Amino acid sequence: MSHQEEFNKELDAVYGEISSQVEGFGFFDAKLSGQSQEVFRQQLGVLRTNCFDSLDRTNLLQYQVTWRWLEAYILRQPSLQGFAQAVSPTGGYSKGLAFFDMGNDRQVTLQSLLRSMWADLGDTLSQQYTGAASTMGAALRQGGHTARAMLEKGWRAVNRAYCAHFEDDARQAALQLLLGSHKLTKVPMAEIRRCPQGKLLVAVASWNLHGHPCWECPATLKGLIQGASTVNGEQVHPDIFVFAFQEFAELSASNVVLLSSGDEARQSEFEAKASTALNETGETFVPVRSVGMVGLVVAAFVASRLASSIRSVSAQRIRSGLYGQAGNKGAVAVTFQVEETSICAASVHLESGQQVKKAQERADQLREILHSLCRDKGADLVVLSGDFNFRANFPDASANPQALRKTLTGGWMSVEQGSPVGIAQIGEGSAPSAEEVLRLFRESDELYSSRSQSRHALQETLKEFSLMEGPVYFPPTYRLVEGQAAYDLERQPAWCDRVLHSKVSVQRKSYCALGLANSDHRPVCAVLETLLLAMPQEAQSQKSPSPSRTPEAESQPAELPDLLEVDSFGSPSPVEGSKGESSSRPSSEAGATPSPVHVQEFLALGQVTGNLQPGQLVYAKYKDGWFLANVTCSGSGLADVAWLRPSGDVWGDKAKMSRYLCSTNADETLHGDRLPIATHIRLPSQAHGQSLPSQAPNPGEIDLLG
């Protein structure tokens, strides 16, 4: 079979799929004689072709339909039937009518002329659209995929690729101009940079549950939350709380297959119990997002005062089990923004095993996970917590395993008594373990020991992604006997459970393990402080509302009502009685440092006469200034308060910022504890005759981003 016959057969096969419909349309045929017209045939339909992915293939189909129509037409015309069996120069039979090309001194068929014309049309369209001729033009002209046609097709494909990568912008702009959709290039604007406007406190709790639902025991869940938010014996109030669980559900073969998206019923149950337990800490929390995969779960909660600033929430699952096919190993992550600070929190579970091969697999899995999480520039704060399965190669473990386990168990027992949270809390920010336990860690841990063959690969990965780990001052977290502070004799103890975090702009307050004994692992916790970044107020006023904000957040007023107007000298100025009048307060000078409220009249007028309620809005004294705060609890003439942080629309307004503790560069995450109400608490409503609710205002009335 010749190239031409094979090519015709391919086109006939394509045309055969629509031939019945197209031939049913027929064609219009009429004879015009003077003023009269005689119609012989009517056309009953129109064929329309759309180019979805290939202009060249669409052009070939159009050619074949046209040729079949023309062939049907000439065979019905008696005057043209004599040319139906013309002979080609080679003596072979040709289906088309024959013509003589005097320029080239050769005979050509009507089909050849039509092919040449259609190929020229395809080249012209392709030239306009892609900058190069059609890749199928040569095959259409020559009637098949000859060697010459294939060579020409390859050359045009290279030419088209070059034009697409280096010369397409001007052509696309010209097409848009012709279509009326051309847009003028915008004048580049000066880059607006994020700037620090406060600090965020993030508490992280990670635990391999071994399939046990820890949340079903209120005391265990409360102990986990308290232990994760206690620093040097004092309870702190985190803005964000992250739970990272491994083996949230039992890692059975059926669960690995069926729970590819996690156990959603269990996750919902945990979220409800965790929200209740977090709200008992004195501050209300709302869930941001949780995501699961087989036994992995990560859940993020945020203080309700920050809820309106959360946006760009997303989740990710990274499978590492069975060479990336199963979710029993890998990571799940939640990413979100608080104003302009991006946070990525992940729960990780890597390959287990003591062998060198398994250690290398863990290093590869960790690198793969970080590449997926930090594909672009990464988040401002990245927290990886979970069961990394890092093993310990104790030098004398085989000689005297009972003595080794006794030493490690003593690391828990030495600090369990007298713990401020009722359980053993061991590590940085609490009581460290015994020196002998710390020596064993330095000599045997997979990540730090000089004898570890995967140490270099792991540390290079952490360096590449700017991650670090705090000092490990706690005993091995695996494998202990459930319900006891004793290690399992069948497994080698190891520091499997860890928390890794970003290096830049992060201050670690604590990194410890807890003595909760509901699993064969012990939970590890960390408290991290990072910068709260935001755009300047002028930049925010130019931006349209973010589509990721909820309708409730969009309905909030743009400004915090002025509870205390302060002029540049610190004396009070009257609040205007009508909305149509402007405030008489002078504006602060550019670059001036906002001054706290020093107002003797305010002290006299704003004294507390009744009881304070949790959540009530007050001014609390800090050094020589008075700043907005919420009451967390009160009694016996004393009150605990949480100073507020400003909402995004207040940032940049120095006068309004002066009402917030962060304007003094003080650490506003520190709460005021046991402040004398008579001398350190004032009510802004009394100072100005305003009627403020005794409870904290709801988010629809006032934005208390603090």
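Accessible areas here come from the Shrake-Rupley method with a 1.4 Å probe. On that basis, the protein chain of this predicted model exposes about 35,500 Å², and carbon and sulfur atoms supply 53% of that area. Of its 706 residues, 47% count as buried.

Let me turn to the overall architecture. The secondary structure of the chain comes to 20 helices and 24 strands. Among contacts with a separation of 6 or more, 67% are made by residues 24 or more positions apart.

Seven strands form an open sheet with mixed pairing, and their order is S9-S10-S8-S5-S19-S18-S15. At its edges are strand S9, residues 285-293, and strand S15, residues 425-428, each of which pairs on one side only. From one strand to the next, the twist averages 20°. Helix H10, spanning residues 264-279, packs on this sheet and touches strand S8 (240-246), S9 and S10. The direction of H10 makes about 150° with that of S9.

Next, the interior. In soluble globular proteins, nonpolar side chains tend to be buried together. In this model, the largest nonpolar core has 60 residues, of which Ile240, Val242, Phe336, Val338, Phe474 and Trp495 touch the most other members. Strand S19, residues 524-534, gives the largest share of this core, namely five residues. Apart from it lies another core, of 28 residues, which includes Leu209, Ala228, Phe301 and Cys525.

Which residues is phenylalanine 336 in contact with, leaving aside its neighbours within four places in sequence? They are Ile240, Val288, Ala300, Ile310, Arg311, Ser312, Val313, Thr341, Ser342 and Ile343.

Finally, I come to glutamate 340. This residue lies in the loop between strand S12 (326-338) and strand S13 (341-349). Is glutamate 340 buried or exposed? The relative accessible area of glutamate 340 is 14%, and buried means under 20%, so glutamate 340 is buried. Its side chain makes a polar contact, at 2.3 Å, with the side chain of arginine 311. Arginine 311 is also one of the residues in contact with phenylalanine 336.

How values were computed. Residues numbered from 1 in each chain as written. Predicted model: local features only at pLDDT ≥ 70, side-chain atom pairs only at ≥ 80, totals over all residues. Heavy atoms only, no water. Core = buried A, V, L, I, M, F, W, Y, C linked by side-chain atoms within 4.5 Å. Buried < 20%, exposed > 50% of the residue type's maximum accessible area, 1.4 Å probe, protein only. Helix = DSSP H or I, 4+ residues; strand = E, 2+ residues; numbered from the N terminus. Contact = heavy atoms within 4.5 Å. Polar contact = N/O pair within 3.5 Å; in protein donor to acceptor, adjacent residues only side chain to side chain. Pairing = 2+ DSSP bridges. Axes fitted to C-alpha atoms, helices over the stretch in contact; angles between N-to-C directions.
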